[in-house]
Protein chains: 2
Amino acid sequence: MSDDDEVKKTDQTLAADADAEDGDAAPKEDGPDEDGLEEDGYSLDRRTITAILYAVDTDDREKLVELMEPLHAADIADMLEQINAYDRRRLILLYDKEFDGEILSELGESIREEVISVLKPDVLAEAVRELDSDDVVDLVEYLDEPQQEAILDALPDSERAAVAQALAYPEESAGRLMQREVVAVPEDWNVGQAIDYMREREDLPEQFYHVILTDPRMHPVAHVMLGKLMASRRATLLSDITEPGFRTFEATEDEGDVAYAFNQYHLISAPVVDAEDRLVGVITIDDAMIVLDEEHDEDILRLAGVSEESSLTDRVIDTTKRRFPWLAVNLVTAILASLVIAQFEATIAQFVALAVLMPIVASMGGNAGTQSLTVAVRSIATKDLTGANVWRVIRRECLVGLINGVIFAVVMGIVGLIWFGSPALGYVIAAAMVINLVVAGLAGTMIPVALERVGVDPALASGAFVTTVTDIVGFFAFLGLAGVILL
Amino acid sequence: MSDDDEVKKTDQTLAADADAEDGDAAPKEDGPDEDGLEEDGYSLDRRTITAILYAVDTDDREKLVELMEPLHAADIADMLEQINAYDRRRLILLYDKEFDGEILSELGESIREEVISVLKPDVLAEAVRELDSDDVVDLVEYLDEPQQEAILDALPDSERAAVAQALAYPEESAGRLMQREVVAVPEDWNVGQAIDYMREREDLPEQFYHVILTDPRMHPVAHVMLGKLMASRRATLLSDITEPGFRTFEATEDEGDVAYAFNQYHLISAPVVDAEDRLVGVITIDDAMIVLDEEHDEDILRLAGVSEESSLTDRVIDTTKRRFPWLAVNLVTAILASLVIAQFEATIAQFVALAVLMPIVASMGGNAGTQSLTVAVRSIATKDLTGANVWRVIRRECLVGLINGVIFAVVMGIVGLIWFGSPALGYVIAAAMVINLVVAGLAGTMIPVALERVGVDPALASGAFVTTVTDIVGFFAFLGLAGVILL
């Protein structure tokens with residue numbers, strides 16, 4: 001039975017991968033490499049998914065649980081996102097009570113809603129009760145009202161209150177991101193007191209890296225790394241072993257700014273304070289990493305004209321709506337460019353070669369502009385492009401455009417000459433190329449900087465403006481010069 | 001003296017920002033918001049830079065040190081990157097012995113080389129000696145031979161050996177990323193033994209989050225979080241409080257795969273092992289975060305056709321070279337598209353309106369294709385697009401293309417009719433629009449997937465292929481249909 005063999009093999013692979021005591025724990029060598037997409041062995045391999053779907057098809061609950069047990073919640077979530085809705089529903093119903101709350105946390109939004117609606121109420125309640133309050137917040141914040149209530153109702157009173165309080169902070173704020181469980185001690189304690197306190201406390205958070213020192217009014221004033229605490233004598237004052245570079249965040253602060261600070265200053269955890277600077281929670285680097293990852297994704301998608309969060313599991317109609325606005329903007333700008341061409345209809349009618357060559361000039365300008373604007377948008381996001389160096393950068397981009405422009409002008413001049421046998425046409429396209437590539441460098445830098453200054457996200461809007469400029473300048477320079485020189 | 005006032009104000013702002021004991025520590029409200037680029041107050045503000053440059057101009061070392069003292073090394077590095085080479089040189093020479101090794105770590109490559117060449121040998125040696133061995137590795141790995149040797153010579157023998165050993169691992173591998181200082185204890189110890197061991201050890205790493213348990217052959221088998229250690233009684237066996245989801249990485253593994261695993265499985269730290277599975281180091285989440293950030297940057301830049309690492313501080317000639325290949329590829333593809341147009345010269349000559357409208361069809365296809373390919377490239381990178389769902393995703397993208405295609409077909413049909421008064425022209429452009437947007441969805445998904453399967457980075461190469469397809473299909477469909485219907 002080849003089918004069975006395959007299932008067994010997959011199973012062993014996963015066991016080796018998950019079993020820490022196994023001598024061969026390095027996942028690299030265990031991962032199957034079947035279709036090139038899973039070459040590093042971390043993601044689920046196709047055979048596991050096939051085996052799981054086979055267990056679902058044959059209604060074999062025992063086998064399904066056995067196959068799923070070694071998988072990380074993040075991988076289970078990925079698998080649920082990759083299979084179709086019909087299989088997903090059957091899998092969830094068969095898996096039943098084994099369904100873990102963490103899987104919900106790992107799911108993308110659209111699939112998450114679907115999965116919640118499929119889960120039986122008691123399974124959902126049990127799954128949610130396992131989660132920390134900050135994970136519940138993350139889970140429910142974008143759900144519909146009825147689903148949100150179903151989950152909140154499953155929580156014990158104290159936790160429900162904590163979640164409600166977190167939801168009172170603005171969306172995408174530090175307050176939503178933080179965990180409320182903190183380890184804080186008075187600033188005048190010594191190491192021994194802090195260790196005894198932690199030994200006695202029943203509800204220490206799952207993960208924490210610093211002990212926060214607070215003054216009598218609960219203002220965080222410094223923090224001590226656990227490793228340093230471990231290494232110090234009991235009599236050592238905590239205030240003598242605090243970390244440099246301590247900083248706090250306000251609960252209303254944007255999570256993107258928090259993530260930027262974690263990345264820029266290599267923070268591991270940082271306290272969150274309310275408007276009166278009192279300690280209300282703590283943000284850890286793993287939360288910041290997730291935000292950073294999301295922001296990067298948004299940046300990439302925005303640069304490509306895909307607005308809002310977007311994933312493969314969104315419904316067709318949602319995806320269509322998300323792609324529409326940018327295409328609509330592009331249609332308007334393309335028509336603008338066409339209006340420029342229309343001014344030269346008479347020229348084109350006399351010299352059809354112009355129609356053949358004009359897209360080349362526009363296309364080169366568009367690509368050079370996209371290069372410049374992408375570098376500019378990234379540099380603005382990482383705060384490397386500021387008022388202090390903007391003019392130097394613009395000069396530099398124009399110079400790069402000029403050099404590449406001249407090279408491609410020579411190439412295209414020769415192509416134009418050979419193809420159409422007209423030296424004049426060669427001069428025209430060469431001149432237009434230089435002009436358009438310099439303009440591309442200029443527009444590709446100035447437009448994102450200008451958008452940022454007026455408060456518009458440069459990642460979202462720069463592309464449309466820059467390619468409009470390069471299209472219009474490209475067509476105008478090429479056809480205009482042609483009109484003067486050729487006719 | 002308005003100049004002096006400004007300096008003083010900046011100084012206060014920075015002090016408030018850096019002073020944790022200040023009641024107003026939240027940086028958000030303190031940050032000046034002068035030109036829109038620094039609205040969140042984290043980055044250096046312009047006034048600080050101005051004040052620092054004024055101190056350099058007036059050769060006022062005391063003032064310079066006072067202004068720089070509260071700044072984080074990462075911010076000092078950012079500032080050095082933003083000012084020009086002349087100011088940079090004078091600043092470094094004036095700052096002299098205060099120059100911190102961490103600033104070097106935070107600098108981008110091209111500026112780093114320049115700064116190292118400006119630093120006096122004794123200042124450089126002192127700066128480098130302050131750094132951990134993994135930071136030194138990070139610092140020297142891409143330097144020229146002479147600069148690398150200058151730095152290695154400044155190190156004590158033991159550390160030089162450690163750095164040399166790390167450099168023996170492949171570039172961008174886990175071995176280069178890891179720190180060699182680990183905290184490991186035998187797997188059969190209890191909490192009390194571990195704590196006593198740490199108390200006694202002199203050279204605990206600056207940052208560590210787990211105590212690694214090893215078997216007698218130094219194979220890591222599990223790890224315990226420091227917080228859990230703190231919370232447990234001395235008699236508790238370490239093996240009873242280990243963390244689930246323990247995994248190790250091989251030293252030769254690609255750092256990108258390591259960063260992916262940290263992000264996917266929310267790891268905080270993980271041991272690194274050699275080919276015999278023996279513990280050789282540990283990677284922490286902050287290292288992984290930096291790699292993830294770099295990889296994202298690379299992805300964004302590659303999608304825009306900027307090859308290799310690229311930053312604002314590169315020399316013009318390097319930037320020009322980096323932009324050139326993609327523009328060259330684009331020239332070839334643009335000429336291919338022009339060859340398609342050339343086939344229809346006779347048609348265009350009879351009906352010049354076609355030349356006016358044809359860029360619209362190609363441009364819409366190019367944009368829709370870029371949307372699809374960006375989503376596909378991101379999904380491949382995050383392993384959300386795999387063999388299990390590729391066909392469903394392709395169907396979905398084509399459907400999205402069809403719906404948007406029909407909408408824009410109606411719009412363009414009407415525009416064509418009104419503008420040129422020809423219903424037939426309206427039909428032609430409408431039909432070409434639908435065809436090109438469906439093809440854009442198809443090509444935008446299939447091309448990245450196909451490139452990934454044959455081992456080519458889809459982020460780098462997809463754009464050229466997809467826009468070539470949409471250009472050619474766009475021109476061919478529009479002009480071809482026009483030739484059949486209009487003439």
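In this predicted model, helix 20 of chain A passes helix 23 of chain A in a right-handed crossing. Helix 20 covers residues 353-381 and helix 23 covers residues 458-486, and the two pack with their axes 8 Å apart at an angle of about 150°. Since angles over 145 degrees count as roughly antiparallel, helix 20 of chain A and helix 23 of chain A are therefore roughly antiparallel to each other. The contact of helix 20 with helix 23 in chain A contains 17 nonpolar residues, 9 polar residues and 1 charged residue.

Helix 21 (residues 390-420) of chain B packs with helix 22 (residues 423-453) of chain B, their axes being 7 Å apart and the angle about 155°. Helix 21 and helix 22 of chain B are therefore roughly antiparallel to each other. In this pair, helix 21 of chain B passes helix 22 of chain B in a right-handed crossing. The residues of their contact comprise 23 nonpolar, 7 polar and 2 charged.

How are the two chains related? The same surface serves both copies, for 99% of the contact residues of chain B recur in chain A.

A helix pair also spans the two chains. The axes of helix 17 (residues 285-303) of chain A and helix 20 (residues 353-381) of chain B come within 9 Å and cross at roughly 155°. This angle makes helix 17 of chain A roughly antiparallel to helix 20 of chain B. Helix 17 of chain A passes helix 20 of chain B in a right-handed crossing.

Which residues of the two helices meet here? From helix 17 of chain A come Asp297(A), Ile300(A) and Leu301(A), which meet Thr374(B), Val375(B) and Arg378(B) of helix 20 of chain B. By class, the residues of this contact between helix 17 of chain A and helix 20 of chain B are 3 nonpolar, 1 polar and 2 charged.

Terms used:
Residues numbered from 1 in each chain as written. Chains lettered and ligands numbered in written order. Predicted model: local features only at pLDDT ≥ 70, side-chain atom pairs only at ≥ 80, totals over all residues. Heavy atoms only, no water. Axes fitted to C-alpha atoms, helices over the stretch in contact; angles between N-to-C directions. Helix = DSSP H or I, 4+ residues; strand = E, 2+ residues; numbered from the N terminus. Parallel < 35°, antiparallel > 145°, perpendicular 65-115°, else oblique. Left-handed = near helix turned anticlockwise from the far one by under 90°. Contact = heavy atoms within 4.5 Å. Nonpolar A, V, L, I, M, F, W, Y, C, P; charged D, E, K, R; others polar.
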